[in-house]
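Colleague: I have a model open and a few things to ask. Can we go through it briefly?
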Amino acid sequence: MLRRLAGIIAATAILVVHPQLADAEQRPPKPGPDYVWKCVGSRHFCGWVLKSYVQKPGSVDPGKKPTKKPVHTEKPICHLPGGALQACTSVLGNWSNSQQCYMRRETPPPPLSDPRWEGHTDGSIWACLREQGYDEGKHVVTKWVWLPGKPDTVVVDPLTLVYQAIATMKLAPPLVRTAPAAGQIGLVNMPVWLWVDKSENTWGPIVRGASVPGLSVTASAQVTAVNWSMGDGSTVRCEGPGTPYDASMGVKASPTCGHSYTKTSHKLPNCKYPVTATAQWEITWQSTLGDTGQIAMTEQAATQLRIGEAVPVLVDPDGRDAVEASKTGC
């Protein structure tokens, strides 16, 4: 009966299984903010249940954008030698089907003279933990394993893999360009052109994946807009990268992304307007188990623009040299 109940608990992704832990003061520490406490069965087998914010296939109209919906992942892929289901995540670590235990890396690593290295000088040492016995006789058995890389631990929540895939994208701040450029001086009421140079990790699209045995995810990222904070209290939202300026365009305003200042910057620190460009990334993902979702992220870059005003020139009617009018500030 206990073996059958343990299988049911694993299938509902309960992470920590303890009998008679219904009282809050008896509970083990909460693993994270996305966990809720649940009890199963008449004997009050309780534990922390992971909530996955994923979109289930067929739960929304295909024409609508998927929305985040809290659901419990019920696709156990961790198992014991006989095929019985096993909770994939526990306070002991993440389950490895090949090692048949929960794996936890030894940090900091022991010195190379430690026999657990088995003579190796690379790789890492992992604690391989497994619960044995039942009820009052339940205890944890630990053995030490050297591995050249990461163990084949299985992660139930696909979001864990999604963020691993996003990390490999190395998303970077936008490559900001302006006309006039940062080292030049613009003029009041004259057009300022704004744009960003596109590359894979500053604009997209960029696709990366991550996997463990039994589960893979693919994530695709793309910048959808850039919000420019111009330093004078105004914000310019550009749905695309903007249009690069060329001298042949003269003093025309940008057809896609631009701004004009109504005051000079001479009263500001460094006599320049602080400008920031915030790129909005939209990341969509899907897993081999059919889960899908969206994640929004931002990357920001900054520059400065010096804005002055046209300086009048006094012309001597007698033909002598022209005299430039005096100016103050920047």
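Modeller: Terms to begin with: two strands pair if DSSP finds at least two bridges between them. Strands (E, at least two residues) and helices (H or I, at least four) are DSSP runs, numbered from the N terminus. This is a predicted model, where local features need pLDDT of at least 70, side-chain atom pairs count only at pLDDT 80 or more, and totals for chains, interfaces and linings use all residues. Residues are numbered from 1 along each chain as its sequence is written, and side-chain values use heavy atoms, with hydrogens and water left out.

Colleague: In what order do the 5 strands of the open sheet come?
Modeller: The order is E6-E7-E8-E9-E10, with antiparallel pairing. E6 (89-90) and E10 (139-147) are at the edges; each has a single partner strand, so one side of each lacks a neighbour in the sheet.

Colleague: How many bridges join E6 to E7?
Modeller: 2 bridges, and E7 covers residues 93-96. Ser90 has Gly93 in E7 as its bridge partner.

Colleague: New topic. Which residues have the most contacts inside the largest nonpolar core?
Modeller: Trp228, Met230 and Tyr261, in a core of 48 residues. Such a core is a set of buried (under 20% relative accessible area, 1.4 Å probe, protein chains only) Ala, Val, Leu, Ile, Met, Phe, Trp, Tyr and Cys residues joined through side-chain atoms within 4.5 Å. Another core, of 6 residues, lies apart from it and includes Cys101 and Trp126.

Colleague: And Asn270, buried or exposed?
Modeller: Exposed (the cut-off is over 50%), since Asn270 has a relative accessible area of 58%. Asn270 is in the loop between E17 (258-260) and E18 (273-287).
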